[in-house]
Amino acid sequence: MSLTVADLTKGEMTEFKEKLRQQHEISMHNELEMLLATAKGPEVEISRKDFDGFKKIFHRFLQVKGPAIDWAKIHRPPEDSILPYEKIKAKGLPDSITDSLNKLVVVKLNGGLGTSMGCKGPKSIISVRNENTFLDLTVQQIEHLNKTFNTDVPLVLMNSFNTDEDTKKILQKYTHHRVKIHTFNQSRYPRINKESLLPIAKDMGTSGENAEAWYPPGHGDIYASFSNSGLLDTLLAEGKEYIFVSNIDNLGATVDLFILNHLMSQPPDKRCEFIMEVTDKTRADVKGGTLINYDDHLRLLEIAQVPKAHVDEFKSVTKFKIFNTNNLWISLPAIKRLHDHNEMDLEIIVNPKTLDGGLNVIQLETAVGAAIKSFKNALGVNVPRSRFLPVKTSSDLLLVMSNLYSLDAGSLTMSKKREFKTTPHVKLGSSFTKVHDYLTRFESIPDMLELDHLTVSGDVTFGKDVSLKGTVIIIANHGDRIDIPAGALLENKIVSGNLRILDH
């Protein structure tokens, strides 16, 4: 008679699971060594460091028992752990902020591709305003800062294996700008088969049958890859003390002198090692991570960590009123200390994917903000919404290309001519998803200063000098087309059916 798992005692079951975990780890180690044997030249050392990091996260993944979050332990953060931005701003600035700026490094997360917007290559090279790309605007901002205050704030780009080569080619055009630019690569981890929990890669290549075998493991990898690159030690040796980290597609994430001054003006023994900029949640932000109090620590809670039974509660704007903008100010000496002592505690995000061929795989990822609980005197700062201006879709692109914003030295600010400080709600249909298609549908970007809401669906084009006000809904049903004529004013209008304007 054969025994099943159900016949085992609790002790035997624990022992069985432990043996199974050990077997998985041995199998993983052997597979990784086989992959390393196919690496060449400098790639060997880089890949070994990457695989060491992967083995650590894989070991922790196997150790996890049940949900990582006990919902009953979640509480709102204490009042004094999230400061209103106005309180920080009210302190004013010292006569000279130059010394503080000279201790700052700007880090942009530049690992993403523009594929979701129909573009090839790094997302950071998509044109977003007056032919300027995300990268152009970032360089302009920092150059303006360095010239204005006679400082030396460097720009660091965290690239991925997907974006590194193309980014380095583009950086040559900034050689004569007053900005030192450094790059480092985040790790390259193997995707693992959901059933066997083994890598799907056949060798270290990233093309052909291996094109989908690797992934950059989320921006939480910044701590390890920054340290492994040697750049962390270099910047510390130059006297740098803080990094300001943000997503390169967040056009609101500029260096804020008031937050910088707040960090630098603290007594050395009470120095805040981590600030997370949060902002008030709206119904458009229900999936954004939020700050909670958990076991008397400030902690980031992401939607991927929330038990299914509590997802609606998490999305509520009444219980969780703020969300993480991913604009972070982090102490460089603290990163060095925590990394060297292996004290960085980041929750694992298990990201399941189905590849083009139908294979189910798992990606093990971490989030940069999740480290907040490991740093001393960590704070949230509730910043204005203007510091969160991400461009994820063509709908976002329409907003930042419009006259709602003015551009000055790489920074976008809401036009003074707009009466409301909130941005309109814009929803463009699937015909606008790809940037190329989106651009061909607008002869010029409409006047949107008085717009509240815009929905466009189907085959729709806009002529020159169109003006949109109030709530405008334009729907071309399947097989129909709507051409909004040049100079048209649409105010609180629903347009549907078929409207063709042809050259005579």
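User: So how much of the chain is buried?
Analyst: Keep in mind that this is a predicted model. Buried residues account for 49% of the 504 residues in the chain.

User: And what secondary structure does the chain have?
Analyst: The count is 13 helices and 25 strands.

User: What about contacts along the sequence?
Analyst: Taking contacts between residues at least 6 apart in sequence, 70% of them join residues at least 24 apart.

User: Switching to the surface. How much is accessible, and what share is carbon and sulfur?
Analyst: The accessible surface is about 24,900 Å², with 51% belonging to carbon and sulfur atoms.

User: Where do the positive and negative charges sit on average?
Analyst: There are 62 positive and 64 negative charges, and their mean positions are 2 Å apart.

User: OK, sheets now. In what order do β8, β15 and β16 line up?
Analyst: They form an open sheet in the order β8-β16-β15, with antiparallel pairing. The edge strands, each pairing on one side only, are β8 (192-193) and β15 (349-354).

User: How many bridges hold β15 and β16 together?
Analyst: Six bridges, in the antiparallel sense, with β16 covering residues 360-365. Within that pairing, Val-350 stands opposite Leu-364 of β16.

User: Remind me, what do strands of a sheet pair through?
Analyst: Backbone hydrogen bonds, either parallel or antiparallel.

User: Now β13: is it enclosed or open?
Analyst: Strand β13 (residues 297-301) is largely enclosed by the rest of the structure, because four of its five residues are buried.

User: Which strand is joined to β13 by five bridges?
Analyst: That's β12 (residues 290-294), and the two run antiparallel. Ile-292 has Arg-299 in β13 as its bridge partner.

User: What's going on in the hairpin itself?
Analyst: Two residues lie between the strands β12 and β13, and Asp-295 takes a positive phi near 55 degrees there.

User: Last one, Ser-386. Buried or exposed?
Analyst: Ser-386 is exposed, since its relative accessible area is 55% and the cut-off for exposed is over 50%. Ser-386 sits in the loop between β17 (379-382) and α12 (394-401).

User: And how far is Ser-386 from Lys-17?
Analyst: Their C-alpha atoms are separated by 50 Å, and the two residues are 369 residues apart along the chain.

Note on methods: Residues numbered from 1 in each chain as written. Predicted model: local features only at pLDDT ≥ 70, side-chain atom pairs only at ≥ 80, totals over all residues. Heavy atoms only, no water. Buried < 20%, exposed > 50% of the residue type's maximum accessible area, 1.4 Å probe, protein only. Contact = heavy atoms within 4.5 Å. Areas by Shrake-Rupley, 256 points an atom, 1.4 Å probe, with all protein chains shown as cover. Lys, Arg positive; Asp, Glu negative; His and termini not counted. Charge placed at Lys NZ, Arg CZ, Asp CG, Glu CD. Pairing = 2+ DSSP bridges.
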